[in-house]
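Please read these points with the sequence and the model open side by side.

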Amino acid sequence: MSSRPYHPILELTFMRFREYLREPEALFWAFIFPTLLAAGLGLAFRNKPAEVLTIGAVTPQLVAQLKQERLLDVREYSEADARKALREGRVALVALPQDNKVVYQYDDTNPEGRTARILADRAVQRAAGRTDPVATGDVYLREAGSRYIDFLVPGLIGMNLMGNAIWSIGFAIVDARRKKLMKRLVATPMPRHYYLLSFVFSRLVLLVVEVGLLLAFGVWIFGVPIRSSLADIAVLCVFGSLAFAAIGLLIAARPRTIEGVSGLMNLTMLPMWVLSGVFFSSQRFPDAIQPVIKALPLTAAIDALRGSMLQGASLAGLAPQIGVLSLWLVVSFVLALRLFRWR
């Protein structure tokens, strides 16, 4: 039986794939879960038309005046029935005439009640002849790129790059160390850096499916725009995946137990999940910590992806973010090689 003339690093990379494909849970969390998350959040925060509020009025004259406001659904009640509808939550506000004025009854702690009061009073005043001293107009912007789902998809891609790289590499290395497999590998003529590089190469191949599935889903289902070339997005994803793979190698350099490496991975990723702007803008945090946030690899990856996809920024324009990712890649990989424990 002849052996396959494959390079050792290629054989090690194939081994990474076989380990990965034998874990259905890993396939779910890597490919299916991010897509389901994007679908759920995209539907929950989808663009919706302005909400029409239901209110009650007790005279035909008030009903006619209030119906001039298109954001109000006005229903006529007797005074007793109107107050009952308000108590039961069937209307947000009741308007009734009293001593030559219009009185609004509503719950001031209810946002719908406060909004209905503003809209109802505007309709009543205009019906009485009030004119606005300054003419105004509305321009509705509903362009793709300004929606929450457009903001979310690049964040999910960045989160997926980080999570899959760090978790898959960290667990695989520590599990091999725990089972004494690494001790056997180091006794072979295999150069040690081949073993570590096999993790990096396997991440690059899986990257195509991880990013491609989520990106295609966002574009096809929600119409998320891509205003730069796919080649630019691919380059950014490669930089991000390599940086996070190197961080995963560094985290797994010393621990001997699954519990130990799990704690280190959570300690590394949790601050970035919160600070790096996956689900909301990182600009919400105080200015004093913005330099720290900008230095995080996940922030750099997400900002670069959003700049490329939503703004059409070139790779040259994203040089600061690429520089941050490159620095994390080089420093983490060098430290991992120096600190790596083979036994």
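**Notes on helix packing and cores**

1. The axes of H12 and H13 approach within 8 Å and cross at roughly 145°. Axes here are lines fitted to C-alpha atoms, for helices over the stretch in contact, with angles running from 0 to 180 degrees between N-to-C directions. Helices (H or I, at least four residues) and strands (E, at least two) are DSSP runs, numbered from the N terminus. The crossing of H12 and H13 is left-handed; that is, the near helix is turned anticlockwise from the far one by less than a right angle.

2. The model is predicted: local features need pLDDT of at least 70, side-chain atom pairs count only at pLDDT 80 or more, and totals for chains, interfaces and linings use all residues. Residues are numbered from 1 along each chain as its sequence is written, and side-chain values use heavy atoms, with hydrogens and water left out.

3. Which residues make the contact between H12 and H13? H12 brings Pro297, Ala300, Ala301, Asp303 and Ala304, while H13 brings Gln321, Val324, Leu325 and Trp328. Contact means heavy atoms within 4.5 Å. By class there are seven nonpolar residues, one polar and one charged. Ala, Val, Leu, Ile, Met, Phe, Trp, Tyr, Cys and Pro count as nonpolar, Asp, Glu, Lys and Arg as charged, and the others, Gly among them, as polar.

4. Now the chain as a whole. It has 13 helices and four strands. Of its 343 residues, 43% count as buried. Buried means under 20% relative accessible area, exposed over 50%, and partly exposed in between (1.4 Å probe, protein chains only). Among contacts between residues at least 6 apart in sequence, 71% join residues at least 24 apart.

5. The largest nonpolar core holds 67 residues, and Ile157, Tyr195, Phe244 and Leu249 touch the most other members. Such a core is a set of buried Ala, Val, Leu, Ile, Met, Phe, Trp, Tyr and Cys residues joined through side-chain atoms within 4.5 Å. Helices supplying at least two residues each include H6 (148-178), H8 (192-222), H9 (230-251) and H13 (319-339). H6 gives the most, with 15 residues.

6. Look at Ile157. Setting aside residues up to four places away in sequence, Ile157 touches Val211, Leu214, Leu215, Cys237, Leu305 and Met309. Another core lies apart from the largest one; it has 18 residues, among them Leu53, Ile55, Leu62 and Val74.

7. Ile233 sits in helix H9. Is Ile233 buried or exposed? Ile233 is buried, because its relative accessible area is 3%. Beyond neighbours within four places in sequence, Ile233 contacts Leu215, Ile226, Ser228, Leu305, Ser308 and Met309. Ile233 and Leu305 are 72 residues apart in sequence, yet 6.8 Å apart in space, C-alpha to C-alpha.

8. H10 has 18 residues and reaches 26 Å from first C-alpha to last, close to the 26 Å expected at 1.5 Å a residue. The expected span is 1.5 Å times one less than the number of residues. Val261, Ser262, Met265, Met269 and Met272 of H10 are buried. Their cover includes H6, H9 and H12. Just after H10, Gly277 takes a positive phi of about 85°.

9. Finally, a strand residue. Asp73 lies in strand E2 (residues 72-76). Asp73 is partly exposed, with a relative accessible area of 29%. Leaving out residues up to four places away in sequence, Asp73 touches Val52, Leu53, Thr54 and Ile55.
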